[in-house]
Every structure is written in C-alpha cells, then in structure tokens.
Amino acid sequence: MQNLKLPITINPSRSAQRRLVCEGVCKLSDMTRLLAECESRSEHVQVSVKFDVDERGLTVMSGTASALVALTCQRCNESFEQLLEVDFAFSPAKNEEAAEKIPSYYDVVELDENGEVNLRELVEEELILMIPLIPRHDIQDCPADADSVWGELPEEVEKPNPFDILKQFK
C-alpha cells in the first residue's frame, strides 16, 4: 500500500456525497500536542477515514488511526513503546443548535467558517485521548517490583471511640 499524505482540512459534506474513503498518513512531527505527552517512535500516523451519509441523512466521518509512541512507565520510570489505536465516528455540525440534533452515538465535530474540518487536529485529539491515564508496562515486562512500597507507614495508635461517651446516657 502506498502511503499517501492526507489533507490537513477537508469538507465532510462534499466528501460524503462522493462516498470518499481516505487512507494515508499524517506526519507525527506535526502533532505537537501529542508529542508533548509522549515521544515519537514512528514517522507517521496511519489514518483511514470514510465519509458517508447515514439513514437519517447526516454526514458521517468514521475511521481509524494508529501511531507508535513511547511513554514513560509510572512504576519504573523507564520508556516503553505503546501502539495508540483509535476508532472514531463523527458527524459535523455548523453550530451548537445543529450539534444538539445529532444522535449520541456520533461524536460532534464543529465545522470552521469554510465548512471544513481540520482532519489532522481531529486525529491528534483522538490519539491523545487514547494515552493511558497512568502509563506503565505490563506487569510481567516491568523491571520494578509490583509490590513496591516507598517509605514506611507509621504504626496506628489506638484511639478511643468518641461515641463511647453516649453509652453513659443509657
């Protein structure tokens, strides 16, 4: 398969009328917000987007994206590779009124003043959402001890129950 460079912006309505399918790559180095959270391990992000009109007459953008990145394990502070893969389904809206009418099984994406969507930003945001909240190796691959404890917990001091005084009133 030939790696074609995807357009940065695209008109989803025109693309859906033509039932366009875009398969190609975006440069990972252009995704600065994603690279602020992780390191690049591949040059490109693989993207496949299909434009269509659903049974309700809504324009739909659905597809997948994947990128290989390096994250820092929060257990051992070592770098490890993670494949970020995402499936998405969007329906574009011109304004908030139109966005409220879109069913909940589609994510809403707002069109710019030219009626276009920034495809690169859309893919970047979806990949950012796929980064684990606490990145870490699989337990068997992590060099850190799984039962690690840092520091010592103080001994619990036996405290009197504050409700014992109520027993006197019976």
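Me: What should I know about the model before we start?
Reply: It's predicted, so local features need pLDDT of at least 70, side-chain atom pairs count only at pLDDT 80 or more, and totals for chains, interfaces and linings use all residues. Residues are numbered from 1 along each chain as its sequence is written, and side-chain values use heavy atoms, with hydrogens and water left out.

Me: OK, strands. How do β5 and β6 pair, parallel or antiparallel?
Reply: Antiparallel: β5 (residues 59–72) and β6 (residues 79–93) pair over 12 bridges. Strands here are DSSP E runs of at least two residues, helices are H or I runs of at least four, and both are numbered from the N terminus. Two strands pair if DSSP finds at least two bridges between them.

Me: Which residue is the bridge partner of M61?
Reply: F90, in β6.

Me: And what sits between β5 and β6?
Reply: Six residues, and the two strands form a hairpin. N77 lies in that loop and has a positive phi of about 65 degrees, although it is not a glycine.

Me: Is N77 buried or exposed?
Reply: N77 counts as exposed, because its relative accessibility is 59%. The cut-offs are under 20% relative accessible area for buried, over 50% for exposed, and partly exposed in between (1.4 Å probe, protein chains only).

Me: Which way do β6 and β7 run, parallel or antiparallel?
Reply: Parallel, with four bridges joining β6 to β7 (residues 107–110). S91 stands opposite V108 in β7.

Me: Changing topic: what is phi like at R19?
Reply: Positive, near 55 degrees, and R19 is not a glycine. R19 sits in the loop between α1 (12–17) and β2 (21–27), and its relative accessible area of 48% makes it partly exposed.

Me: Which residue does R19 meet in a salt bridge?
Reply: D52, at 3.2 Å from N to O. That pair links distant parts of the chain, since D52 is in strand β4 (residues 44–53), 33 residues apart from R19. D52 counts as partly exposed too, at 22% relative accessibility.

Me: How many salt bridges are there by this rule, and what's the rule?
Reply: The count comes to seven. The rule asks for a side-chain nitrogen of Lys or Arg within 4 Å of a carboxyl oxygen of Asp or Glu.

Me: Which residues are linked in a network?
Reply: R33, E124 and E125 are linked by salt bridges. E124 and R33 meet at 3.7 Å, N to O. E124 lies in helix α4 and R33 in helix α2 (residues 32–37), so that pair ties together parts 91 residues apart in sequence.

Me: What about E125 and R33?
Reply: Their closest N and O atoms are 3.5 Å apart. E125 lies in α4 and R33 in α2, so this pair ties together parts 92 residues apart in sequence.

Me: Which element gives the most to the negative patch?
Reply: Helix α3 (residues 96–100), with three residues. E96 is found in that helix, and E96 is exposed, with a relative accessible area of 63%.

Me: And which residues make the nonpolar patch?
Reply: F163, I165, L166 and F169 make that one, about 490 Å² in area. Accessible areas come from the Shrake-Rupley method with a 1.4 Å probe, and for residues only the protein chains shown count as cover.

Me: Where is F169 found?
Reply: In the segment after α4 (119–129). F169 counts as exposed, at 67% relative accessibility.

Conventions
Patch = residues over 30% accessible without salt bridge, like charges linked within 9 Å, V, L, I, M, F, W, Y side chains within 5 Å.
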